[in-house]
Amino acid sequence: MDSSRYICCIILLVLFGISIQYQCSASGIDANQTVLLFVNASGASAKKIPDTLFGIFFEEINHAGSGGLWAELVRNRGFESGGSFMPSIIEPWAIIGNDSSVIVSTDLSSCFDRNKVALRVEVLCDNGGANICPDGGVGVYNPGFWGMNIEQGKRYKLVFYVRSEEPINLSVALTGSNGLNKLATTTVVAANASDWTKVLVLLEAEGTDSNSRLELRSTTKGVIWFDQVSLMPLDTYNGHGFRKDLFGMLKDLKPPFIRFPGGCFVEGADLRNAFRWKETIGPWEERPGHYGDVWGYWTDDGLGHFEFLQLAEDLGALPVWVFNNGISHNNQVDTSSILPFVQDILEGLEFARGAPNSRWGSVRASMGHPEPFDLRYVAIGNEDCGKPHYPGNYLKFYSAVKEAYPDIKIISNCDGSSKALDHPADLYDFHIYSSASFVFSSASHFNGAPRSGPKAFISEYAVTGGDARDGTLLAALAEAGFLIGVEKNSDVIEMASYAPLFVNNNDRRWTPDAIVFTSSQVYGTPSYWMQHLFKESNGATLLSSTLQANTSNSLIASAITWRNETDNNEYLRIKVVNFGNSTVTLNISISGLENSLQSSGAIKTILTSSNVMDENSFTDPKKVSPVKTMLTKVSKNMDVVLLPYSLTSYDLLLKSISINTVTAASNLESSF
């Protein structure tokens with residue numbers, strides 16, 4: 001080897017050593033790095049966040065409404081599941097007795113024109129003679145939606161319609177799942193029920209069983225017809241039919257809007273199974289119900305157009321009505337034939353907003369709501385952009401709605417985040433379902449969106465797939481990072497909502513979801529709890545915030561000022577997502593506050609867990625949920641520690657109306 005080659009080798013070895021040392025050094029920085037966060041609280045850099053930014057989206061999926069938020073306990077109450085085909089599907093109704101004692105069938109003898117199916121029960125046994133009925137009689141029972149939750153001391157309103165050529169002597173009972181444990185019983189006697197007769201009884205439970213069933217029995221030989229059997233707890237929210245625990249989960253999010261009734265539920269796989277608002281209003285007994293063919297189950301539409309509007313009002317949220325525009329997954333109406341659909345939607349708007357003496361406003365008034373609902377947003381279709389007839393159909397709906405209701409904001413299905421729309425709209429819809437890494441990185445998606453024209457409505461966002469499973473911390477953190485990006489781009493984004501909202505644990509058609517429930521239990525997934533840290537952003541003031549030395553790009557932060565309605569104090573909230581697996585020291589430098597930052601009264605809230613794939617469950621419902629502690633050593637320049645895979649919120653007290661309202665550390669309780 002000559003000297004020149006030797007010298008070159010020495011140089012290469014030195015360079016290689018330096019490279020190795022740099023890589024080790026960089027790895028060390030990433031393992032415990034210090035990142036600078038500059039927050040400018042001066043008025044010049046502040047922006048108002050829309051009052052409507054973070055809301056909710058409800059779709060009839062996973063039995064979210066039918067067997068969920070809507071408190072009806074009887075499943076297939078009109079025996080219409082499967083439509084008017086004979087014999088009709090009566091499941092989950094089942095027979096009490098055997099072939100020698102009872103025959104159960106269906107026919108089209110109902111007194112209700114829009115749901116003609118009735119249940120025919122022929123009792124073959126009797127209370128005497130050769131064929132004596134078994135103890136308690138024979139008949140039918142309904143187990144509800146994977147068990148009825150009957151609670152001791154609570155009252156339940158049972159309504160059903162009955163007809164028989166013979167006198168009726170019925171035993172009505174709420175029992176345990178095996179029919180033995182009686183929780184509530186009564187007897188219904190009628191000397192003459194040859195015409196359809198409405199029966200209403202109140203049952204008060206003498207015991208508790210989350211897996212109960214409703215029984216209708218007889219010991220008298222003859223034929224009895226039943227129809228429209230409903231069992232509702234009296235204890236619903238405001239008496240409006242909403243299950244109180246599930247409603248409370250929504251109320252706690254303080255949503256400024258609620259989008260409904262879907263989603264694909266609006267479209268239907270086939271147009272004949274799309275959601276039709278007119279079929280879902282008026283007396284519940286007269287609603288025909290329909291098969292939600294996208295998600296594969298029947299709904300009696302007890303949660304209908306009126307109830308959705310009432311739900312929004314009860315939540316203090318603006319309703320966002322998504323309506324069908326003549327397009328389903330498999331069918332499309334040509335624009336030349338769309339006018340009847342347009343007229344139908346105009347009538348639906350009159351139902352919501354019309355005067356109580358208008359044609360459709362009077363129908364609303366007859367349902368107990370003479371005042372118009374505050375409907376300001378409509379979406380023309382769901383995920384229909386790109387379908388051949390959508391552009392033409394959209395313009396027909398847009399023109400008609402704007403002419404009749406100029407103030408209503410109209411949402412297009414077409415994405416305008418990358419380039420301007422080629423049609424008029426007030427907002428454009430944007431959906432994102434993907435892996436955790438993709439959703440987290442999409443926080444910057446709207447950085448380059450057009451700053452004028454229609455604003456974005458991110459009506460469906462969620463991490464899906466293996467990163468999410470049934471709802472993981474990893475998914476929630478990725479979504480939180482995305483929402484911080486939404487906050488920072490709230491000048492071009494008006495609304496955002498997670499999807500789906502609910503899932504009945506017995507019927508998971510889609511996962512993950514925000515809220516999981518059974519007949520008697522409920523818990524929020526980490527994604528549900530993550531949303532709690534964004535609800536105060538609605539109407540808040542967004543401050544300029546910049547991260548420096550964020551070498552791994554695993555951090556994202558935002559800063560807002562907001563007023564706490566509970567203590568009437570103003571706070572600076574700094575939210576930071578650490579999407580990396582290393583602890584980070586964050587140096588926060590705040591300018592523009594003058595002397596308004598208080599040294600006490602600050603609160604730290606953190607969402608994290610020991611394993612990034614941790615989930616919540618019925619046995620551990622708050623395993624991954626926000627934890628609050630008091631924060632000490634508050635100043636305009638301070639260091640805080642960010643745990644790996646965490647969402648941390650710092651609420652720094654700015655102006656105290658009464659310093660005595662600040663909660664002492666020993667008494668601090670989480671509001672979650």
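Strand β31 (residues 602–607) is mostly covered, with five of its six residues buried, where buried means under 20% relative accessible area, exposed over 50% and partly exposed in between (1.4 Å probe, protein chains only). Strands (E, at least two residues) and helices (H or I, at least four residues) are DSSP runs, numbered from the N terminus. The model is a predicted one, in which local features need pLDDT of at least 70, side-chain atom pairs count only at pLDDT 80 or more, and totals for chains, interfaces and linings use all residues. Residues are numbered from 1 along each chain as its sequence is written, and side-chain values use heavy atoms, with hydrogens and water left out.

**Pairing of strand β31**

- Two strands are taken to pair if DSSP finds at least two bridges between them.
- Strand β31 pairs with strand β32 (residues 627–631) in the antiparallel sense over five bridges, and I606 stands opposite V627 in β32.
- Strand β31 also pairs in the antiparallel sense with strand β34 (residues 646–655), over five bridges; here Y650 of β34 is the bridge partner of K604.
- In a regular strand, side chains alternate between the two faces of the sheet.

**The closed barrel**

- Eight strands form a closed barrel with parallel pairing, in the order β3-β15-β18-β19-β20-β21-β22-β23.
- Neighbouring strands of this sheet are turned against each other by 25° on average, direction ignored.
- Strands β3 (residues 54–57) and β23 (residues 493–498) run parallel and are joined by two bridges, with F54 standing opposite A496 in β23.
- Helix α7 (residues 390–404) lies across β18 (318–323), β19 (377–380) and β20 (409–412), and runs at about 175° to β20.
- Axes are lines fitted to C-alpha atoms, for helices over the stretch in contact, and angles run from 0 to 180 degrees between N-to-C directions.

**The chain as a whole**

- The secondary structure comprises ten helices and 34 strands.
- Of the 672 residues in the chain, 56% are buried.
- The C-alpha atoms fill a box of roughly 115 × 70 × 55 Å along the principal axes.
- Among contacts (heavy atoms within 4.5 Å) between residues at least 6 apart in sequence, 75% join residues at least 24 apart.

**Surface and charge**

- The chain carries 52 positive and 71 negative side chains, and the centres of the two sets lie 5 Å apart.
- Lys and Arg count as positive and Asp and Glu as negative, whereas His and the chain ends are not counted; each charge is placed at NZ of Lys, CZ of Arg, CG of Asp or CD of Glu.
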